[in-house]
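Dear colleague,

My notes on it follow directly after.

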Amino acid sequence: MIVSYFPGCTLKTKAQDLDMYARKCAEVLGVTLEEIDNWQCCGGVFTTVNNDAVTKLSSVRALDFARSKTQPLVSVCSACHNVLKQTNHAVQTDKAFADKVNLYMGNESPYDGSTQVYHYLEMLRDLVGFDAIKEKVVNPLKGKKIAAYYGCLLLRPSGVMQMDDPENPQIFEDLIRALGAEPVIYAMRNECCGGYVTMESPEFAAKKSKAITDNAASFGADMIVTACPLCKYNLEKNGNSVPVVYFTELLAEALGVKEDTQNA
Amino acid sequence: MQRIGVFVCWCGSNIAGTVDVHTVAEALKSEPGVVFSTDYQYMCSQAGQDIIKNAIKEHNLTGIVVCSCSPRMHEATFRKTAAAAGINPYMVEIANIREQCSWVHKDMQTGTEKAIILGKAAVAKVNLNTPLTPGESPVTKRALVIGGGIAGIQTALDIADAGFPVDIVETKPTIGGKMAQLDKTFPTLDCAACILTPKMVDVAQNENIRIFSYSEVQEIKGFVGNFDVTIKKRARFVKEEICTGCGACVEKCPMKKIPNEFNLGMDNRHAIYIPFAQAVPKVATIDPNACNMLKKGKCGICSKVCSAGAIDYTQKDEFISEKYGAIVVATGFNPISMEKFDEYAYSQSKDVITSLEFERLTNAAGPTAGKLLRPSDLKHPHTIVFVQCVGSRCAACAEKGKEYCSKICCMYTAKHAMLVRDKYPDTEVYVFYIDVRTPGKNFDEFYRRAVEEYGVKYVKGMVGKVTPEGDKLKVQASDLIANKQLHIDADLVVLAAAIEPDKSARPLATMLTASMDTNDFFTEAHPKLRPVESPTAGVFLSGACQGPKDIPETVSQASAAASKVIGLLVKDKLTGNPCVASPNELMCNGCSTCERVCPYGAITYEDKEFMMPDRSKAIRRVAQVNPAVCQGCGACTVACMSGAMDLRGFMGSQIIAEVDAICK
């Protein structure tokens, strides 16, 4: 299976691990991530620039690239994924927006919103299958109590993201189970980490992040996994001693490709 | 050739407002067979009916077409009118020019044209009508009540009091239902057990009532007055007639860590158990999934201690067949699962409980002997947050909640809050609500007392998140009136979970061919005028299986259902519906298709001797319809490939004539 892959800026800089392990694991699972030609920044936070079609153009270009290859579009970063999916939804449902971005794009055939957008987690669940992953696990993470941290961008707005139940999500926990570890269910797993507010009001973000890591720790978590570089930054900076790890690293460890990549 | 009279009704301005009734009457005069046509303001009135009767006599009419409202409304009325004037009631046809014409059109010309076409179709059909005579069937004078909660109990008692035998089938080991689990009842605060358990005893002692507890309905066949029902009496491994309910077996049973369903899993019971002290029947039941003797063949202590010799490890499920004239559904409700409402952390903390669990916590016979102690550490909670409408009125979360209002939660939450403040004045009590709905006798006064006399803090707004942390539940909520966020450190959170029909209702509805709404509540025959009857003849509805109800409403409906049952059972015979399927045996090729599609089991096959074209005799397998069982749905007439099956009153030729008249 070949899919179009949108890594995003942070995965080329701060979050290289997230990207590297994602690629390595995909290979093991029989998925080829075909990186989009000349991709650009996704545009950042969708909702804060709601009226501006221009900042969505790079997302539309990525979506259109995947359409031209008739491939689904996969991304790993929660924030990129959120922008890609929301942009795609806007093209599908908001004709004025679609007309505007297509005017800028100047394509022969206007982009119509037909690309299937998957987060890497959704790809694992819907295209690969957790059962198939379970079979490929060589190094089951037995006895580890892992708290999945969803944050807000993966799940919300739920009507558009359609990834999982926003209050009672399962996808991360199902993956953790497939890898042989024990998921920790805790209340704050879908609360916001503070996000970009950390630039403006570090105290506020610190309060939000601390509450999350403390809550996970109180339910006995050995480790917190996340898909989002910004969440990882906030939780690590402000949280307690519970380590915060990218889910792709965890996946690589279970699939036995973590050492390989480090050696390489 | 028929002599047909056409009677066009104005229905005041209901029809005449958008249909030119004179033109319709005039236009239909020239239809084949029509010898008389007129219009009148209210054809269903006495004067209107007299017009029909007189016309029948004056013009020697053999068929009647009434252009009026839906046949569901007045077909029976006009059939009676025709019968009174001496013609067969099945020679009457209704053209629905109100619901399907005047009410849906705004333009007089369109409405009039359509009314004429509908009238023509009815005339075409009447031309082919033949007189039909309904058969009669006897009535079995025994009623079945499915469900032994307060609804089923009240219905059974009322029917039994009228002198008819009643059987109650209850899936649990005891009758009593949800009401037996409640502590006090609003708005009078009398104790639920004090008013319910005497009724349960009445049921046990009533000679006309049999209780099949720990049983379920397996199969229902037949029709109004003549239902054949198979009841599965599950093996309880205790001989019910011998057990005295002394409880010695329960005390000695070594398996004592089984979650107690009656206390909603908040404490444990033994493998052999009596659900609660006032259970009816008061007999023990062995849980086969927990009993070592039944699972591994080792133990047998209960059998040794039972001085009555009531234990029987070899008992098997028993199947009982019984005939009934009427069936009452009283399957009740359950709170919905809170699993999908993770924002309230129900599955994460023992101290987030449902309101029904709260009832058990405050009940003297409950797991804490009536002391309000929170489940996690058995400490007294000092701050309690009640959340209303959890899963109710939730159109946006239809996949996990319900769109409807569960109706009982506002009042029981007010009751809980008030009782807490009364018993433990040091406790802070918050109630979060969308609206407080308290219609009902003395209901609003009750709620006001909670606020004004007992100082319960009612906050308009919903709880967004409950986070268990340490021994506290951090509650984040919005106060919509003050327009601010609230953060409360609570010790106990009580969720007023939406209620839904019991899971047994859906398969039961299929067995009964009774209809349900999209929420699996049973549908009544008419939402206003026939609220306790199901559209399926002989099936009646009692209590929350028809919609959310509190106890006073449930009991009223239960008695109403009983009176309908009594009205049916006093009859010796029922007049059937003559519009049933009938096969043309000469055309039937014995393929069994009709037998397979018949939802009522009305069709059987028989070998019959026929004279063949060459005058030889041959045995052929042909379809037979039991007219008493057939409901006239017509499924077989459509399925029959040789066109042998026809529905009396709706023959293929009649339908085609109608279609022709419309398309002409």
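This is a predicted model, and I begin with a pair of strands in chain B. Strand β6 (residues 143–146) of chain B pairs with strand β18 (residues 326–329) of chain B in the parallel sense, over four bridges. Within this pairing, B:Val145 is placed opposite B:Val328 of β18(B).

The two strands belong to an open sheet of five strands in chain B, whose order is β10-β7-β6-β18-β29 and whose pairing is parallel. The edges are taken by β10 (209–212) and β29 (539–541) of chain B; each has a single partner strand, so one side of each is left without a neighbour in the sheet. On average, and with direction ignored, neighbouring strands of this sheet are turned by 20 degrees against each other. Helix α16 (residues 551–569) of chain B lies across β6, β18 and β29 of chain B, and runs at about 170 degrees to β18(B).

Turning to chain A, the assignment divides the chain into domain 1 (2–121) and domain 2 (139–255). The C-alpha centres of these two domains of chain A are 23 Å apart. Their contact draws 21 residues from domain 1 of chain A and 20 residues from domain 2 of chain A. On the domain 1 side, α1 and α3 (78–93) of chain A each supply at least two residues, and the largest share, seven residues, comes from α1(A). The residues of that side of domain 1 comprise eleven nonpolar, six polar and four charged.

Helix α1 (residues 16–28) of chain A also packs with helix α12 (residues 247–255) of chain A: their axes come within 8 Å and cross at roughly 40 degrees. That angle makes α1(A) oblique to α12(A), and the crossing is left-handed. From α1(A), the residues A:Asp17, A:Leu18, A:Tyr21, A:Ala22, A:Lys24, A:Cys25 and A:Val28 meet A:Thr248, A:Glu249, A:Leu251, A:Ala252 and A:Leu255 in α12(A).

Yours sincerely

Technical notes: Residues numbered from 1 in each chain as written. Chains lettered and ligands numbered in written order. Predicted model: local features only at pLDDT ≥ 70, side-chain atom pairs only at ≥ 80, totals over all residues. Axes fitted to C-alpha atoms, helices over the stretch in contact; angles between N-to-C directions. Parallel < 35°, antiparallel > 145°, perpendicular 65-115°, else oblique. Left-handed = near helix turned anticlockwise from the far one by under 90°. Contact = placed C-beta atoms within 7 Å. Domains from an automatic or database assignment. Nonpolar A, V, L, I, M, F, W, Y, C, P; charged D, E, K, R; others polar. Pairing = 2+ DSSP bridges.
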